[in-house]
Amino acid sequence: MSSTSADVTGIMDNAKELDRIREEQEDVLIEINKMHKKLQTTPEVVEKPGDTSLSKLKMLYAQAKELSENEVSIATQLISQMDTLLPSGPPGQQRRRVEGNEQKKKRMKSDSDISRVSPSMRNHLDALASLKGEQVAARVRLEDADKDDWFIVKVIHFDRESREFEVLDEEPGDDEDSSGQRKYKLPMSHIIPFPKRNDPSSAQEFPLGRHVLAVYPGTTALYKATVVQSRKLQRMGKSINTYFVF
């Protein structure tokens, strides 16, 4: 076997290991999200004797950290291996070859990502893609702002590869630009879908005393509130039927 063939074999071995690590990362992420949802809906569970929720979550975080570090290590090895194979021709020629290789790697990565997405993650991405045209709650940081703010926006597009939403704020404040609308690109962690109007049971339940973000029925106004009874909020002494969004 020639030296070049051996180098290519080493690259493919590391590439397979990188794919394995990423698949394991995805499985760990799904478990972490399950724990987050459990603790968000029933935070009091951690106070029960014998509950191991926090210990399990800590273990998952540690596992995710280790996998991330392994991913960086393998990726660094792959870059070093690729450098030994790249020709040292004229800069212009080498640049064109590198650019071509980058485009090819992006296509290969996209195909690999699609093929190794788990069924549960694929269903989750399908659900996010189906939000196109729907109103959602979005966490946005405006220019020169010190902290994030929440708005009700309209979903324009969901990119499965980058897992980012493109949304439209149709009713910006008076200090926004004169066009009357602004677009944002946001990660899916900054988006919260509303419960289905024809299915009240899809609204998430929260424990009493929990601070939440809510929307006035029939409006796009968001406000902070406290849960005082199931599926109801109380603000300024007045009880209001509404949906929970956070």
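1. Leaving aside neighbours within four places in sequence, Val-167 is in contact (heavy atoms within 4.5 Å) with Val-153, Lys-154, Val-155, Ile-156, Arg-182, Lys-183, Tyr-184, Leu-186 and Ile-191. A second, separate core of 13 residues includes Ile-11, Val-45, Leu-67 and Ile-74. A nonpolar core is here a set of buried Ala, Val, Leu, Ile, Met, Phe, Trp, Tyr and Cys residues joined through side-chain atoms within 4.5 Å; buried means under 20% relative accessible area and exposed over 50%, with partly exposed in between (1.4 Å probe, protein chains only).

2. The model is predicted: local features need pLDDT of at least 70, side-chain atom pairs count only at pLDDT 80 or more, and totals for chains, interfaces and linings use all residues. Residues are numbered from 1 along each chain as its sequence is written, and side-chain values use heavy atoms, with hydrogens and water left out.

3. The protein has four helices and 10 strands, in the order α-α-α-α-β-β-β-β-β-β-β-β-β-β from the N terminus. Helices (H or I, at least four residues) and strands (E, at least two) are DSSP runs, numbered from the N terminus.

4. The largest nonpolar core has 17 residues, of which Phe-165, Val-167, Leu-186 and Ile-191 touch the most other members. At least two residues of this core come from each of H4, strand E1 (135-140), strand E2 (149-159), strand E3 (164-169) and strand E4 (182-187). E2 gives the largest share, four residues.

5. In helix H4 (residues 119-129), the buried residues are Met-121, Leu-125 and Leu-128. These residues lie on the same side of H4 because they cover an arc of only 60 degrees around the axis, the arc being that of the directions from the helix axis to the C-beta atoms. Pro-119 and Asn-123, on the other side of H4, are exposed.

6. Asn-14 is part of helix H1 (residues 3-41) and counts as buried because its relative accessibility is 12%. Not counting residues up to four places away in sequence, Asn-14 touches Ile-74, Gln-77, Leu-78 and Gln-81. With the side chain of Gln-81, the side chain of Asn-14 makes a polar contact (2.9 Å). A polar contact is a pair of N or O atoms within 3.5 Å; within protein, one must be able to donate a hydrogen and the other to accept it, and residues adjacent in sequence count only if both atoms are side-chain atoms.

7. Of the 246 residues of the protein, 26% count as buried. Among contacts with a separation of 6 or more, 49% are between residues 24 or more positions apart.
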